[in-house]
Amino acid sequence: MKAFLYLEDGSCLCGESFGASGETIGELVFNTCMTGYQEVLTDPSYAGQIVCMTYPLIGNYGIDPGVNESRKACLKAFIIKEAAPLHSNFTSRGGLEDFLKEQGVIALKNIDTRKLTRKIREIAGFKGIVSNRELLPEELDRRFEEYRLEKNLVELVSTAKIERIPGEGAHIAVIDYGSKRNIIRNLQARGCRLTVFPFSAAASEILEAGPDGIMLSNGPGDPADVPGAAGTVRILAEKKPLFGICLGHQILSLAFGAKTYKLKYGHHGGNHAIKDIQTGRCYITSQNHEYAVDPSSLAGTGLEVTMINLNDNTVEGIRHRKYPAFSVQFHPEACPGPRDANSLFDDFLETCSIRN
Amino acid sequence: MPKDLSLKKALILGSGPIIIGQAAEFDYSGTQACNSMREENIEVVLVNSNPATIMTDSHIADKVYIEPLTLESVSNIIRRERPDGLLAGFGGQTALNLAMDLYAKGVLDEYGVKLLGVTHEAIVRAEDREAFKALMEDIREPVAPSIIAESVGECVAFAETHAYPLIIRPAYTLGGTGGGIAHDEAELVDICSQGLAASPIKQILLEKSLLGYKEIEYEVMRDSNDNCMIVCNMENIDPVGVHTGDSIVVAPSQTLTDRQYQMLRDAAFKIIRSLKICGGCNIQYALSPDSDEYMVIEVNPRVSRSSALASKATGYPIAKVASKIAIGYRLDELKNSITQNSSAFFEPSLDYVVVKIPKLPFDKFPTAEKSLGTQMKATGEVMSIGRTFEEAFLKALRSLEGKTLSMRAYSFDDLSLDEIWEKAKIQSDQRIFYIGALLRRGVSFDEIFTVTKIDRWFLQGFKNIVDMERALLESDGENRKRLVKSAYKMGYPIAEIERLCGAPADVGGIKPVYKMLDSCAGEFDAKTSYYYSCFDEEDESVPDGGEKILVLGSGPIRIGQGIEFDYCCVHGVWAIKEAGYKSIIINNNPETVSTDFNTADKLYLEPLYIEDVMRIIEKEKPAGVVVQLGGQTAINLAKDLAARGVKILGTSFDSIDMAEDRERFLKVLSEIDIQAPRGFAVTGRDALDEAVEKLGYPVLVRPSYVIGGRAMEIIYDKRYLEKYLETKGEYLENGGLLVDKYIQGKEIEVDALCDGENILIPGIMEHIERTGVHSGDSISVYPAVNLKAEIIETLVDYTKRIGRRIGIKGVFNIQYVYDGDIVRVIEVNPRASRTVPILSKLTGVPMVSIAAKLMLGGRVEDMGFGTGLYRKSQLYGVKIPVFSNEKLKNVDTFLGPEMKSTGEVLGVDKNLDMAIYKSFAAAGLKIVKSGNIYISLSDNNKEEGLEIAKEYIRRGFRIYSSGRTKDYFRNNRVAAWGISNEHLLEFIAAGRINIVINTPTRGDDVNTYGFTMRQKAAQYRVPVYTCLDTARCLLKAIDVKISGVEPDYLPISGGKKEDK
């Protein structure tokens, strides 16, 4: 069935409906990973967004339930060039289309995804409407006009209740802003006992659990939209070793009074190079964010930049000079993407063991 | 760490002649390395024996030595030049092995030359099988169970505990030479003994076969700060078992999950770190289709064919970056040359699919064993890019310039299913078409997978292509109209759609768009002009304003059309830019300098097929198209381009046709009173017999319109004629045969420039071998030394008359034969030839640059080199062909009218004999002062051969001989040792024969003993000379060796040799 992607600039791309059908509006982002479509689909950080894959062939190796990054796909729509007619891999348990349907993800195929990517690159906060109806310009204008980015994205994807995962090692409290499963898996693999808290948990509640360290997870949207998060983290940072990833990183910076800002079109992919300023070592990292920490706002906060992005010099890592708190903008847990900076989890756990 | 400032002068080693396993990719990488060093103000000294390369141009390095890549010559050059460092990772296995030799002999230490980028230990650990295995065990990376063997006995013992099939890989050989797969003990013994002989260190690896595993490659880079990154990964469609050079390859991998991709990526980092390589390296894995189990197959601690492919597939200049890292830069300090503002430390993201298909030489070698295995056989490759697999694959198929435009080989239509299965089971370059035939007949993926182990995902891609065929065949009316468009958008050329439909196809104005290849999937604004076509919406290629000129490239490297044409195209592009035009190039060979996106103003990586070329012409509207620089590939497009009203620059299509159409050509010659061997173009048996009757034996027979003298033979009598027709009779009915009187004499080659009026001949070369040996396979000497002044005058006069009469505007090549009486024209090539780069370098006349100016309307007399024959250089140049005989089984090594060599080297010196000596040395033909020679002569060569045998005996050689040759020698009182056929084969295998001189009565007959003997010699790398002229020439080289005079190795540019 024919379906359309109406864009804010008045243009329209025509493709074929694929996956769940329906209509949606959202901000467009593109992801440049050549593998890992299933991880992208299930990454809660994409909540509220329409994701376009730049790699043109999607679905080649099928779907493996074991690699889901969350219980449910959270993105608004999925845009691809070509869907594999056959999936082939020993891990595959099903095809992409069935998965999209099952997850209720609206998808479009046969789109000139490169054209779309180039548009997204040019216009900040570019929005689109996916529909299988022909929409009139007036209606489109009205809907774009009315559309506001959702403010409650974290609430939508965070766990509703405390979750406890047994382990023999350090006890880590994870604040779930929309955590990817692989953050949990990484801590589990290192033997940690985990208590996963909803994003709204109070500092006192978290400290009461007596964790050895606190993990601030990734999550969707603007860090400033997460009510109370900065205040909670500020209290926690003074008491416990703390490690933030992506949204968690942004929240840590807000906690100490730094500022974040929205990038023109964010970083979404598995090939972003970062540099550790102290060691000079560079890593290729997996990234997925629209917002970044403003380095000029760090003065006087006690925070300092530890890592930068090699392409645009944006902040990729910070740490607190006094407290054992550090965070990174990228995803050391990978999935999809490279695992080059995976040892950050070890660094975190080492800090936890020293402190306790 | 910034660059190493102590480094002022670097030595770069090239890869020498084109052979199977080492093609144009090392001209590309070496040229990049040279440019990259000079950007840093490091003085570059380059050594390469291959004159047909861009890297040996005077402006690429500060000093260029066209000298042998031997220990002797390079040691001498190091002594003379005193470089601070050596870049050995850019000239393939040849450079790496030579660097190892220089190290082992203490030359590098003695002169304080630092190996850059890769240490001696790293080379040993990556290349020595045992050291490699130990290292992998150290870092816990899995390798297949194996042993390193130095005797056949050890191999047999290993086989007792490990199941067949077993893979044999000799250490330190090119393209897996001497390797293979053994299925039983007999095969094992045979392959192992060959492998041991082929390995310079007499060592082979015997390992458990991973047949059927996916073969995955990673191109990885590392700097001195231990930063690592992947440029590209690739998946071989042909699973483990076929050499990656012979496999169809896609980039990026298609059937790996993210987890598997990252697993192998992590392993690649571990491996390059353990080897401490600063630069690039290629890692090959076998990955199980049923689990995450994988094994490391091999590591190349240098840039490679795969890295050239990866560079073109991603836009990431691996060689350039690797060379910068080798001199101390860190990856994060360098810029991405495509975006020009992001960092070079990043991993390219592709938003397209790349397909590479190898070009195999079996059309030239009908007797060759065509099955593919661990020993590489391809001479070249094509690459294509598409937004879908089907699109890229179809483009790659038609880039091969074979008979097929899709997956349908029409000749298979009549085969039975059993026959198709039979063929599909064999790994060959035709297999893909048999798989197409199986799919066409509804065979299931599972059945095909069981036999071929080709992943079902790829089979589905093939099936989509085949299904489209059927849909077209069965369609009619409106449905057909729709399907025609779908097929076109899938990547089918219109010609094939029409053939399938049996009617004209209207694609309704659908046009492809062109997307930029930008290394970053559109994430950043890119500054490069590297494009491919697809059928998406947005067109990113905006035609430049101003006048543009399109140069058509030469496609994949094959026998008869080598790297020299890439040299010509690149120079053509440069000249066009210099003349103030914008240059555009179309080519599909990923190995080359011409497909470097920095060469032309715009690069279209597309098939050189008329439809693809026309679409670009329609879009770009160039002022003209250059067809005379891209070899026969480009020239063959002239007719179709002219028919579509495209302006061909320089020599017009009519003129081209005048030279190539035999009848027109003979008529033209007679008009200007120049003789050619008498001949006829015939179709049908009666016409052939009549022609032969008129001419009288011997005659030269060949099909019309072919390259490299394909299927050309000298026929001495009726018996041979019948034999010829047995195998090549098809040509008699299809397209016809050319039958010429064979004239024995001296062959002379003239390359000239012409503006339609005047000519400039930079130089004349004469062949060592008499007529009958293809010019590409003969030794040729510059300047002509055995021709009297009046003959030279005649040649100049004839060349001028021909150029004028035909209307050549640009460059052309004429082959003459002089039988001591009359000068006759054998053929005129209205295009650049193999010898253009050689003559340009020897004489200093920039032939291609001048040709381009002439094409643009310039006049010869304004070029600054005068008219007529240019003055002789102080230098002698001896071009000698290089064969890849040891790579191909059942290919006869005898020299005939059909070209067989894959490459060439040039010996340069002020003394002719010394130049001959250097050329033999550069070709890797061992020059011995004494030893054993086996001689076997055909009857008409016996008298002449006797004299040559005497010369060898006088120098202390022992002659072995048998049968009639032995009797003849003994009757003429020449001491010849008798040897039986069996003993001879043993002697050859044991290295007890140094030289074979064998003039066969007739070659290419696999059933003769001579054939077997020559094969054996090729396998054991014993030089075989099948033409007496070559054997006589070798004596000069031997005399130089005996004299003990050490040659002077001098730069051809940047040094004294420049005073020409």
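Because the model is predicted, local features need pLDDT of at least 70 and side-chain atom pairs count only at pLDDT 80 or more, while totals for chains, interfaces and linings use all residues. Residues are numbered from 1 along each chain as its sequence is written, and chains are lettered from A and ligands numbered from 1 in the order in which they are written.

Chain A first. Its secondary structure comes to 10 helices and 19 strands; helices (H or I, at least four residues) and strands (E, at least two) are DSSP runs, numbered from the N terminus. With a radius of gyration of 20 Å, close to the 21 Å that the globule rule gives for 356 residues, chain A is as compact as a globular protein of that length. Here the radius is taken over C-alpha atoms, and the rule is 2.2 Å times the number of residues to the power 0.38. Along the principal axes, the C-alpha atoms of chain A fill a box of roughly 60 × 45 × 40 Å. Of its 356 residues, 59% count as buried, that is, 20 or more other C-beta atoms lie within 10 Å of the residue's own, against 12 or fewer for exposed and anything in between for partly exposed, with C-beta atoms placed from the backbone. As for contacts in chain A between residues at least 6 apart in sequence, 74% join residues at least 24 apart; a contact means that the C-beta atoms of two residues, placed from the backbone, lie within 7 Å.

Chain A is divided into domain 1 (2-146) and domain 2 (153-355), with bounds that come from an automatic or database domain assignment. Taken over C-alpha atoms, the centres of these two domains of chain A are separated by 27 Å. Their contact takes 22 residues from domain 1 of chain A and 24 residues from domain 2 of chain A. On the domain 1 side, β3 (24-31), α1 (37-42) and α3 (113-122) of chain A are the elements giving two or more residues, and β3(A) gives the most, with three residues. Sorted by class, that side of domain 1 has 10 nonpolar, eight polar and four charged residues. In this sorting, Ala, Val, Leu, Ile, Met, Phe, Trp, Tyr, Cys and Pro count as nonpolar, Asp, Glu, Lys and Arg as charged, and the others, Gly among them, as polar.

Next comes the barrel. Seven strands of chain A form a closed barrel in the order β1-β2-β8-β6-β4-β3-β9, with mixed pairing; two strands pair if DSSP finds at least two bridges between them. Neighbouring strands of this sheet are turned by 35° against each other on average, direction ignored. Helix α2 (residues 96-103) of chain A packs on the sheet, where it touches β2 (12-19), β6 and β8 of chain A, and its direction makes about 90° with that of β2(A). Axes are lines fitted to C-alpha atoms, for helices over the stretch in contact, and angles run from 0 to 180 degrees between N-to-C directions.

Strand β6 (residues 77-79) of chain A runs parallel to β8 (residues 106-109) of chain A, joined by three bridges, and Ala77(A) stands opposite Ile106(A) in β8(A). β2(A) pairs with β8(A) in the antiparallel sense over four bridges, with Ala107(A) in β8(A) as the bridge partner of Phe18(A). From β8(A), Ile106(A) and Leu108(A) point one way and Ala107(A) and Lys109(A) the other, and all are buried.

The contact between the chains takes 43 residues from chain A and 44 residues from chain B. On the chain A side, α3, β15 (260-276) and β16 (282-293) each supply at least two residues, and α3(A) gives the most, with five residues. By class, this side of chain A has 18 nonpolar, 13 polar and 12 charged residues.

Chain B has five assigned domains: domain 1 (9-124), domain 2 (145-209), domain 3 (355-501), domain 4 (543-649) and domain 5 (926-1043). An open sheet of five strands in chain B has the order β37-β36-β35-β38-β39, with parallel pairing. Its edge strands, each pairing on one side only, are β37 (976-978) and β39 (1024-1025) of chain B. β21 (residues 602-605) of chain B is covered on both faces, with Lys602(B) and Tyr604(B) on one side and Leu603(B) and Leu605(B) on the other, all buried.
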